[in-house]
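Dear colleague,

I am passing on a structure that I would like you to look at, and below it you will find my notes on what turned up when I went through it. Please read them with the structure open beside you.

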Amino acid sequence: MWKQFFEVSNFLCNFIPGRRRRASIRRNKLYDWRKKYRALRKAYPELNFRHTKMIKGGWNIGFIVDRRYVFKIRKFYDKNTPTKKIMREQRITGALAGVASVRIPRIEVVRTGGYTFYKYDFIPGRNMNTFSPGQIARHADVWGAQIGEFIHSIHTARPDDLDDLRDRPGDGWNHNDICNNVIIDPKTMRIAGIIDWEYSGWGLLETEFDNCVRFSKKIKDSGILMHIKKKYHKLAEKD
């Protein structure tokens, strides 16, 4: 549990000699998580923060509060850094949520305590990467078909209000990190949603396919990519 780890580490910092050294460790190793957490608690007094889970990955840390909302923020946050990237992600998810075949969390920008967070509804379930290789292989046909349909739904979408974000070569809209961000409903064993859109943008279809398996050997070895492409091309033939 990341929250327990950070709480214990923060407490142990009290025994490190030197105020500047303690502050440096809290900033560079613990990402000033307590200051960010307190800023959120002050902004949302109505939420039950006793049930908070921390997440950490990539450039961000986050707080899942009361299994209702996710608040994410850069590990090394600089208030002078423009929020252009967050606003870009908000625009893309907002425009594609209405056409995506699986749930996309809509992002809300939250500014509090000198920080800028992005907030979205928590989607309950398990990350596909947490399943065993055997489980992924057994469900590769169903999950692959769902991912293929999802890719088709967003890659072929053409929202007018995103035209200015076609800032790189491509032929459609991509998530670009599907491999790490597929949420499975353990009750139905179907995809409940696809999260974390910070790398999304205009790009090539083959790049999207590659990124479905690039970052996980067990997902790649499951054969799921074959099912993803099969479903995508089946839908593309009907267009």
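This is a predicted model: local features need pLDDT of at least 70, side-chain atom pairs count only at pLDDT 80 or more; totals for chains, interfaces and linings use all residues.

Pro-124 is 59 residues away from Ile-183 along the chain, yet their C-alpha atoms are separated by 7.7 Å.

Ile-123 lies in the loop between strand S5 (115-121) and strand S6 (126-127), and it counts as buried because its relative accessibility is 7%. Not counting residues up to four places away in sequence, Ile-123 touches Arg-103, Pro-105, Ile-183, Ala-192, Gly-193 and Ile-195. With Gly-193 the separation is 70 residues in sequence and 6.8 Å in space, C-alpha to C-alpha.

A further buried isoleucine is Ile-104, at 6% relative accessibility, which is found in the loop between H4 and strand S4 (108-112). Outside the four places on either side of it in sequence, Ile-104 touches Thr-93, Leu-96, Ala-97, Phe-150, Ile-194 and Trp-197. Asp-121 is 17 residues from Ile-104 in sequence, and the two are 9.5 Å apart in space, C-alpha to C-alpha.

In soluble globular proteins, nonpolar side chains tend to be buried together. Here the largest nonpolar core has 38 residues, of which Trp-143, Ile-147, Phe-150, Ile-151 and Ile-224 touch the most other members. Two or more residues of this core are given by each of helix H4 (84-96), helix H6 (140-155), strand S8 (182-185), strand S9 (190-194), helix H7 (205-211) and helix H9 (224-238), with the largest share, 6 residues, coming from H6. Ile-147, for its part, touches Met-128, Ile-178, Val-182, Ile-191, Cys-212, Ile-224 and Ile-228, not counting residues up to four places away in sequence. There is also a second, separate core of 21 residues, which includes Tyr-44, Phe-49, Tyr-69 and Val-110.

**A helix pair**

Helix H1 (residues 2-13) packs with helix H3 (residues 33-43) at an angle of about 115°, and their axes are 11 Å apart.

**The chain as a whole**

The chain has 9 helices and 10 strands. For 239 residues a compact globule would have a radius of gyration near 18 Å, and the 19 Å of this chain agrees with that; along its principal axes the C-alpha trace spans about 65 × 45 × 30 Å. Buried residues make up 47% of the 239 residues, while the accessible surface comes to about 12900 Å², with 51% of it belonging to carbon and sulfur atoms. Among contacts between residues at least 6 apart in sequence, 64% join residues at least 24 apart.

With best regards

Definitions and conventions
Residues are numbered from 1 along each chain as its sequence is written. Side-chain values use heavy atoms; hydrogens and water are left out. A nonpolar core is a set of buried Ala, Val, Leu, Ile, Met, Phe, Trp, Tyr and Cys residues joined through side-chain atoms within 4.5 Å. Buried means under 20% relative accessible area, exposed over 50%, partly exposed in between (1.4 Å probe, protein chains only). Helices (H or I, at least four residues) and strands (E, at least two) are DSSP runs, numbered from the N terminus. Contact means heavy atoms within 4.5 Å. Axes are lines fitted to C-alpha atoms, for helices over the stretch in contact, and angles run from 0 to 180 degrees between N-to-C directions. The radius of gyration is taken over C-alpha atoms; the globule rule is 2.2 Å times the number of residues to the power 0.38. Accessible areas come from the Shrake-Rupley method with a 1.4 Å probe; for residues, only the protein chains shown count as cover.
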